[in-house]
Amino acid sequence: MLCVHSPRARRLPAPQWRALRAASLTCSAMALAFPLSAHACATCGCSLSTDAAMGYSAASGWRVNLQTDYINQSQLRTGTHSVSAASVAALNPAAGQEVEHDTINRYTTLGLTYSPNADWSVNLQIPYIDRSHSTYGAATPDQLTADNLSGATLRGLGDVKLIGSFQGLLPTHNVGLQLGLKLPTGRYGGPNADGTGTVGRSPVAFSSGPSAGQLVDTSLQPGTGSTDLIVGAYAYQAISQDFDAFVSGQFQAAVAHKLDTPGEDYRPGNLASLSFGLRDEARPDFVPQVQVNITHKSHDQGALADTADTAGTVAYLSPGLSATLVKGWQAYGFVQLPVYSRLDGYQLFPHWTASLGISTAF
């Protein structure tokens, strides 16, 4: 795939220039990010460029992308504001209330995209999950001490995604449709509803603290055990000689779930996302840009779901840049800054997130 960033392209006639700028935005957007990763809470996944880059292609060929995301969920929030651990524990001072301490997510995702022609492309996303989680468990206000913390490390293959894109609707190929699946490839499951057994495939247990040996909640495992349908649409356009813009939307919902036995069932909540952004391509080899990423997740469902604490709407302002390292190779970095959140229940939330990646086409 050839990305068009040559200054000489600016001297072409307007129709050719617009077509080449559309191709340029396509290639650059592809290098930026992956579809949203959905997990238990409304804030566990990376929402950077959730749809704009997925499968866009202006020329035939392959693209390989490697991205790492860092999401440190270290503050408790409810509704639109933060809340202290002590105030959460005080909700049930006699029996104790679940009080989480932190969850640190490190995602490394290999993306492979193949475009046989300008109309079609298919994208494979293979994520590796490295998640550390700590919780006080069902704690009263006087139990929020270090010796009452239980910790777990969850590592392994996540849920693979396969998404096809069609952008032959217009001659400029700058409007497209998406259809794909998320597959249950990651470890999933946890304790059954009464806590006497195990369900799922190789769920991870706590390794330290009072809960050592007990299985981590189903919603925090590397996979969800569900097959999800993914549909989306996107559009991108050069709005001036130096600026490009995109807008995209995507919806993901579980259509089958392996944990489907009454009393031992789990279905992740539906996920909807909207992203839009602007890129300054005055210097094609060094491109500052900004995105707005908005996601809404509905409640997880089933006897094994933490239904009350898994839904919400969040919005991030995401400044970043991409740069050409050598011919055919691009690197990029973004910081996501939360500007709005409305979370159901009590959830861990990040102060910021970061994404770095490198991409090549051939």
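## Overall build

Take the contacts in this protein between residues at least 6 apart in sequence: 70% of them join residues at least 24 apart. That's for a predicted model, so keep the confidence section below in mind. As for secondary structure, you get two helices and 17 strands.

Of the 362 residues, 51% are buried. The accessible surface comes to about 14700 Å², and carbon and sulfur atoms account for 62% of that.

Mean pLDDT for the protein is 86, with 85% of residues at 70 or more.

Two stretches deserve a flag. Residues 1-35 have pLDDT below 50, yet this stretch has 108 contacts in the model beyond near neighbours in sequence. Residues 50-55 are also below 50, and that stretch has 31 such contacts.

## A nonpolar patch on the surface

Ten names to look up here: Ile239, Phe243, Leu278, Val290, Leu317, Val335, Leu337, Val339, Tyr340 and Trp352 form a nonpolar patch on the surface. Together they have about 840 Å² of accessible area. Which strand gives the most to the patch? That's strand E17 (residues 329-361), with five residues.

Tyr340 is a patch member that lies in strand E17. Why does Tyr340 count as partly exposed? Its relative accessibility is 38%, and the partly exposed class runs between the 20% cut-off for buried and the 50% cut-off for exposed.

Gln291 is in strand E15 (residues 286-297). Is this residue buried or exposed? Gln291 counts as buried because its relative accessible area is 1%, and buried means under 20%. The side chain of Gln291 makes a polar contact with the side chain of Asn293, at 3.4 Å. Gln291 and Gln336 are 45 residues apart along the chain, and their C-alpha atoms are separated by 8.9 Å.

Then there's Gln178, in strand E7 (residues 175-182). Gln178 has 5% relative accessibility, so this residue counts as buried too. What does the side chain of Gln178 make a polar contact with? The partner is the side chain of Gln250, at 3.3 Å.

Terms used:
Residues numbered from 1 in each chain as written. Predicted model: local features only at pLDDT ≥ 70, side-chain atom pairs only at ≥ 80, totals over all residues. Heavy atoms only, no water. Patch = residues over 30% accessible without salt bridge, like charges linked within 9 Å, V, L, I, M, F, W, Y side chains within 5 Å. Areas by Shrake-Rupley, 256 points an atom, 1.4 Å probe, with all protein chains shown as cover. Salt bridge = Lys/Arg side-chain N within 4 Å of Asp/Glu carboxyl O. Helix = DSSP H or I, 4+ residues; strand = E, 2+ residues; numbered from the N terminus. Buried < 20%, exposed > 50% of the residue type's maximum accessible area, 1.4 Å probe, protein only. Polar contact = N/O pair within 3.5 Å; in protein donor to acceptor, adjacent residues only side chain to side chain. pLDDT = per-residue confidence, 0-100. Contact = heavy atoms within 4.5 Å.
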